[in-house]
Amino acid sequence: MTALFADIKGSTELMRDLDPEEARAIVDPALKLMIDAAHSYDGYVVQSTGDGIFALFGAPVAHEDHPQRALHAAIAMRGALRRSGEELKKQGRSGVEFRIGINTGEVVLRMIHTGGHTEYTPVGHAANLAARMQTLAPAGGVVISADTRHLVEGYFELRDLGPTEVKGISEPINVYEVVGAGPLRGHFELAARRGLTKFVGREREVAEMKRALELARGGHGQIVAAVAEAGTGKSRLVYEFKAMLPGKCKVLEAYSVSHGKASAYLPVLELLSGYFGIEGTDDAGRRREKATVKIATLDPALEETLHYLFALLGLQAIPDPLAEMDQQIKRRRILDAIKRIILRESLNQPTIVIFEDLHWIDGETQALLDVLADGVANVRLLLLVNYRPEYSHAWTNKSYYTQLRLAALGRESAGAMLSTLLGDCVELDPLKRMVIERTEGNPFFIEEMVQTLFDEGALVRNGAVKVARSLAQMRLPATVQGILASRIDRLPGQQKELLQTLAVMGRESPMGLIRQVSTTEEPQLDRMLSDLQASEFIYEQPAAGDVEYTFKHALTQEVAYNSLLVERRKGLHERAAVAMESLYAEQLDDHLNELAHHYSRSDNVSKAVEYLGRAGKAAEARNAFKEALESYQQAAALLTKLPESPVRDLRGLELTQSVVRMLEVTSGFSTPETIDARARAQALAEKSGNLTQLDDCKRY
Ligand SMILES: Nc1ncnc2c1ncn2[C@@H]1O[C@H](COP(=O)(O)OP(=O)(O)OP(=O)(O)O)[C@@H](O)[C@H]1O
Ligand SMILES: [Mg+2]
């Protein structure tokens, strides 16, 4: 998550100099502006005191673009406070001085129930660092840490303030000041700026799009929708398709942004600005002029649409000629004006209108799209849209509508992509396999995973790419984590809870077990499972005498698991274990590892020790000595959490003896570890007065 700390500088001095009421009259409105800015980007305000506010983005509700949201909010705060400061100055009063600090990292949220509602407080270094960052900001400025910069570079304009000493941290850290919003919008544009990986696969989709284009060029307008999970390649497909278009086509483009649902018409405004050639630096007069000229050249008969376009672009003349108009009528005419312009364009040349990321669309833009969708049938128009599966629309039944469901890249395409990223050295084959397996062919995840491996120094490029250190575990890139977590968080509360429960149970969960572990009763449980199946989080498959539910992506399971608060996770592990004990009472020996796994992650230490010990014995009997050693070692370590007692000491002795036995087989009789473990066994035997038991151990 990303933490934002905004401090009203010297507010205590302010309070001292002014009488309390006057001071409040300055500080309170400033606080309100800051809180509103945080809320408008879905921030969670943890605290707002007389000194400032502390807000979280991406927690308790996950958002894939939490760092961007925090920066947008900070920029909005800065703007609002500056404007209010100027207002106050005009009245001869002084505004507040403020500083804002932002940091991204992982935190644990603590839940506090107070008077019927729940509050969250973050615990951890990441939140504290945001508070420290704030002290480094110049007055009226926004400062971010290197961790945040890593995720927002390109989306914002930043100034490097260099390494800076921070109280409480030994090494100086790099800090950056936020200048303003940057040129890039989404991760695809960022990738395009870094340099795109060679395009692979997607032959069928490209062929379908070309077919639709031919029909549209012949006057049979078409709608094509590409639907896929985040990062599968929707934007890339649009990009490749645009590059293939014959010269004489007009392309109009609009994007929705993830925090744009609340801003009406944002994508339409963008489409129009692009169409009229309006630049950020143009003043209102210039903007009006550009629009007027464009419409006059397109078709003088469309001149009457200009009032409506001006209204939309915030360029109305004063007095506003539409001021008296009924809002509903005005809205319809605005939509109609845009539609007429687009249809008129399609008379001049085939026209392609692209709307990306409809899952974030606002209501007004949606209305325009519906109007357009109804009107394309007999014009030279191709309406190209894309969205993630959670979105739906009402055009499915139109004869001129085609939906392309993009799947993740197959092994071959994913392999080809990795070859372009990493080269073809055979030494990298195991790593490539691991990346494909973990990302399941999602091209965005592949790119991010590879980038993270380079960032962490696991891979180095020295001419050719080389593995610098071996990898047992690949860390999940923050971008990927963000996408998956926000997808999970958009589920209705109970479904999310069920998904988390399943995540604790394991990659696969038999129905019989789910019924016992979940607190939801049937038939609601069945319904929720089919909902989770419909939204493609899990799938059902037959298992011995039962059905079982499996996570579609291992990564989703991992993220759902990590999204659980520690206490609840422990509780669920115990419930899962208890359910297994009763369901498999007759075949416990077949489930020792799972039981050991669940109990060792719960608070039930004695059960964990019991099953780890049994799992160790079973492994030893199978000659799986390494596995046995691990179980015994874990059991011995956990045992120390139990209160001291003669029974505990005896158990400790037994386990340590087992550890010694396994070490002798796996590492040798006189290696330091073995000698060490033997000494521990000796000490335990002396302590518990069980030297006879030890004889076994001394036999060698
Ligand atoms: N077929 C492909 N060949 C090579 N690279 C690809 C391919 N498809 C996608 N990529 C790369 O994978 C990354 C993610 O793709 P893209 O941005 O198109 O995903 P998306 O589906 O639009 O995701 P979102 O829903 O988040 O917008 C991009 O960097 C893109 O260049
Ligand atoms: Mg995209």
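**Starting point: Ala25**

Select Ala25, whose place is in helix α2 (residues 20–40). Helices (H or I, at least four residues) and strands (E, at least two) are DSSP runs, numbered from the N terminus. The model is predicted: local features need pLDDT of at least 70, side-chain atom pairs count only at pLDDT 80 or more, and totals for chains, interfaces and linings use all residues. Residues are numbered from 1 along each chain as its sequence is written, while chains are lettered from A and ligands numbered from 1 in the order in which they are written.

Ala25 counts as exposed because it has 12 C-beta neighbours inside 10 Å. A residue is called buried if 20 or more other C-beta atoms lie within 10 Å of its own, exposed if 12 or fewer, and partly exposed in between, with C-beta atoms placed from the backbone.

**The whole protein**

The protein has 28 helices and 19 strands, and its C-alpha atoms fill a box of roughly 105 × 75 × 60 Å along the principal axes. Of the 700 residues, 38% are buried.

Colour by domain next. The assignment gives domain 1 (2–181), domain 2 (203–405) and domain 3 (411–487); such bounds come from an automatic or database domain assignment. The C-alpha centres of domain 1 and domain 2 lie 37 Å apart.

**Helix α7**

Select residues 203–217, helix α7. The expected span of a helix is 1.5 Å times one less than its number of residues; for the 15 residues of α7 this gives 21 Å, and the end C-alpha atoms are 21 Å apart, so the two agree. Glu205, Met209, Ala212, Leu213 and Ala216 are the buried residues of α7. They cover an arc of only 105° around the axis, and therefore lie on the same side of α7; the arc is that of the directions from the helix axis to the C-beta atoms. Turn to the other side of α7 to find Glu203, Arg204 and Ala207 exposed.

**Strand β10 and its partners**

Move to strand β10 (residues 222–227), where five of the six residues are buried. Two strands pair if DSSP finds at least two bridges between them. β10 pairs in the parallel sense with strand β13 (residues 381–387) over six bridges, and Ala226 stands opposite Asn386 in β13. β10 also pairs in the parallel sense with strand β14 (residues 401–405), over five bridges; here Ile223 has Tyr401 as its bridge partner.

**The β15–β16 hairpin**

Select residues 459–462 (β15) and 464–467 (β16), antiparallel strands joined by four bridges. Arg461 has Val465 in β16 as its bridge partner. One residue separates the strands of this hairpin, and Gly463 in the turn has a positive phi of about 80°.

**Ligand 1**

Finish at ligand 1. Which residues come nearest? Among the 24 residues around ligand 1, they are Phe188, Ala191, Gly233, Ser235 and Pro443. A residue is near a molecule if its C-beta atom, placed from the backbone, lies within 6 Å of it. The elements giving two or more residues to this shell are α6 (187–194), α8 (234–244) and α16 (443–455). Domain 2 (203–405) and domain 3 (411–487) each contribute at least three residues to the shell.

Colour the shell by class to see ten nonpolar, eight polar and six charged residues. Ala, Val, Leu, Ile, Met, Phe, Trp, Tyr, Cys and Pro count as nonpolar, Asp, Glu, Lys and Arg as charged, and the others, Gly among them, as polar.
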